[in-house]
Every structure is written in structure tokens, then in C-alpha cells.
Amino acid sequence: MEYSVIVPLYNEEEVIEECYRRLSETMAGCGGTYELIFVNDGSRDRTMELARAIAAKDKCVKIISFSRNFGHQTAITAGMNLAAGAAVVVIDADLQDPPRVILDMIAKWKEGYEVVYGRRTKRKGETVFKKITAKLFYRTLNALTDVSIPVDTGDFRLLDRKAVEALKSLPERNRYVRGLVSWVGFRQTAVDYVRDERFAGETKYPLRKMLRFAADALTSFSYKPLKLSIFVGGLLSAASFVYLLVVLYLALFTEVTVAGWASLAAITLFFNGVVLIVLGIIGEYIGRIYDETKGRPLYIIGETAGFDSEKDKNNEKS
């Protein structure tokens, strides 16, 4: 098998058939054998029913279906664990990332690059808020981490088998795949493209999930927020000590009355807020340590289709 294309699915009944059609047309021109791996991440609509129908008529289509929703990044991981291709492509089903760009990625791979990521030069159909926050997120993440993660990129990328095997050896549970891809290294390059509007349906990453995703990225690749907590705590402690000296001086050596309950209450509330924020940051890291120590499997496979039976048996335990 030369190429594997991993497509995470979560409530994608409106797009799965068009996604399959475009991917099939694209991969038919790739000049090699391929498989399309649909990973059903606990969809609650007709996604799995439609995926089964597609797999029944096309032997190139394979299905992994989770027992429940485990998350987009976990779905990508499961696809990589079962992919057989020498080159593995990850693409979302919503068709915002045009399948035709895969051929450009394959051309770069054949030049010797082991990771080829799609870089968005324009994002159609997205709000100004989404575009601004995305820019800020990637640039803030790069400023806080020691790993250089390309800006304006997503999970749409091609990985050589060597990079895939390296990723499979990483045991993290709170996974930020595009960060892990940068961390493993290898020879990497970009393919620029214009990101289209979503073909149908609605985004699976509302603000709440985006914030969670950002927290996973920051805590997985940086402990600078903890260092920042120490810095802020030290700065505020120093400022408080100076203020205490000023109050003592005014009380002992002048006739000035130190006014106060309102300002004292405001300062107290401010410091309490800072303490709670710092405790929250520490709690995020402790929570991830707790997740890692439980030792539960990253996902549970409820059903597979299109894989050989021996591989199914081995991976249903993953």
C-alpha cells in the first residue's frame, strides 16, 4: 500500500458522500495504490450508516468506529495506528481543505520530504473573530514553546511512514497532533493553498472546544505558564512590600491618615484573583499528570470494516 488517507468523522452525514467522491477522484490520479480510512468518532447521526454503504461498494474504503466520542485528535491517532501506507495523509471531511492539494503534497514527498503540511494563505467563510484568534493562538504558542510549530497550519498534512512510526511511539493522552509532528522532526516543508468554505453542516470546533484545544496545546508543549506564574507572584509580592513600607512611613512619620477600606478590599480581591488564576494553571498541569497515570487506553474501537481480521483483532484492544 502506497498511500493512506485518514478522514475523522463526527456527525458528517451531510458531507461524507461528497468527501468520498472528491477523495476518490483525487487519489485515482495519484499513481499508486491507496486506502481511505474513515474514523467515526462516535457520530450520533447517519454518518456510520453512510460510511458502511460506501465501504460496501469500494474495497479501498476502510472504517474504524469508536465506541463513543473520543475526540478529533484521538481519531487521527487511531487512523495512523491502522494505516498501512508508505505515506499517510490526514484531512477533515468538511472539504475546507481541498483534496486536490494532496497531489501537491505527494509531489513534495517524492522529492524527499518526510512531512508536508498544508499552509493556509486565505481562509474563506470564516469570521473575523475566528481568523484573528487563530493568528494570535499560533503566534502565542510559538512564543511559549521550544518547538517551532508552523503558523497558519492545521492537521491537513502528509507524513512519511518513518514519521508515522515515530508518532505511534509517543504515549501522550492529551494529544496535539500537529505539535507532535513538529516535535518528531524529519525533513518538513509546506504546500500553500486557499482554504474553502465548509461544504455543508456546522463546525465541530465551537469556542468552548477551541479553548480546550488551546489549553491542550499549551500544556503539552510548554511549562512557561508555570514560570509566568512565579514571575507574576514575585512581582506582586515586591509591589506589596513597597506599598507596606509606604504605609508604615506615612503612619509613623507624617500626619497623613492612610485611607482605606475600599482600596484595601480592592487590593485583597485583586491578589485573591491572581492566586486563583495561578492555582488554575497548576491544576491544568496536575490534571494532565492524572490522566497520564491512569493508564486507560486512548480509545475503544466498537467496529471496523475493510481491514483484515487479524489486524482488527489486534487493534480492537487499542
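This report walks through a predicted model, from its confidence to its strands, loops and charged pairs.

Let's start with confidence. The protein has a mean pLDDT of 79, and 79% of its residues reach 70 or more. Strand 4 has the highest confidence, at 94, while helix 11 (residues 309-315) has the lowest, at a mean of 46. Over residues 310-318 the pLDDT stays under 50, and the model has twelve contacts beyond four places in sequence for that stretch. Where pLDDT is low, the predicted coordinates should not be read in detail.

Strand 4 covers residues 87-90 and is covered on both faces. Ala 87 and Val 89 point to one side, Val 88 and Val 90 to the other, and all of them are buried.

Which strands pair with strand 4? Strand 1 (residues 3-9) runs parallel to strand 4 and is joined to it by four bridges. Within that pairing, Val 5 has Val 89 as its bridge partner. Strand 6 (residues 153-160) also pairs with strand 4 over four bridges, here in the antiparallel sense. In this second pairing, Asp 160 of strand 6 stands opposite Ala 87.

**Lys 62, a charged residue under cover**

If you are browsing strand 3 (residues 61-66), have a look at Lys 62, which is part of it. Is Lys 62 buried or exposed? Its relative accessible area is 13%, so Lys 62 counts as buried. Beyond its sequence neighbours up to four places away, Lys 62 touches Glu 35, Leu 36, Ile 37 and Phe 38, along with Ala 305, Gly 306 and Phe 307.

Leu 95 is not a glycine, yet it has a positive phi of about 65°. It is found in the loop between strand 4 and helix 4 (101-110), and at 2% relative accessibility Leu 95 is buried. Phe 186, also not a glycine, has a positive phi of about 75°. Its place is in the loop between helix 7 (177-184) and strand 7 (188-195). At 36% relative accessibility, Phe 186 is partly exposed.

Thr 33 belongs to the loop between helix 1 (16-28) and strand 2 (34-40). Although Thr 33 and Cys 60 are 27 residues apart in sequence, their C-alpha atoms are 8.8 Å apart in space. Setting aside neighbours within four places in sequence, Thr 33 is in contact with Met 1, Glu 2 and Tyr 3.

**A nonpolar patch on the surface**

Val 275, Leu 276, Leu 279, Ile 282 and Ile 286 make a nonpolar surface patch of about 470 Å². One of them, Leu 276, lies in helix 10 (residues 261-294). With 59% relative accessibility, Leu 276 is exposed, because the cut-off for that class is over 50%.

**Salt bridges**

Side chains of opposite charge can pair when their charged atoms come close. The count for this model comes to twelve salt bridges. Here are some of them, with the distance between N and O:

| Pair | N to O distance |
|---|---|
| Arg 22 and Glu 18 | 2.8 Å |
| Glu 49 and Arg 46 | 3.5 Å |
| Glu 114 and Lys 162 | 2.6 Å |

Arg 22 and Glu 18 both sit in helix 1, four residues apart, which is about one turn of the helix. Arg 22 is partly exposed at 27% relative accessibility, whereas Glu 18 is buried at 17%.

In the second pair, Glu 49 is partly exposed, with a relative accessible area of 45%.

Glu 114 is buried, with a relative accessible area of 14%, while Lys 162 is partly exposed at 48%.

Terms used. Residues numbered from 1 in each chain as written. Predicted model: local features only at pLDDT ≥ 70, side-chain atom pairs only at ≥ 80, totals over all residues. Heavy atoms only, no water. Buried < 20%, exposed > 50% of the residue type's maximum accessible area, 1.4 Å probe, protein only. Helix = DSSP H or I, 4+ residues; strand = E, 2+ residues; numbered from the N terminus. Pairing = 2+ DSSP bridges. pLDDT = per-residue confidence, 0-100. Contact = heavy atoms within 4.5 Å. Patch = residues over 30% accessible without salt bridge, like charges linked within 9 Å, V, L, I, M, F, W, Y side chains within 5 Å. Areas by Shrake-Rupley, 256 points an atom, 1.4 Å probe, with all protein chains shown as cover. Salt bridge = Lys/Arg side-chain N within 4 Å of Asp/Glu carboxyl O.
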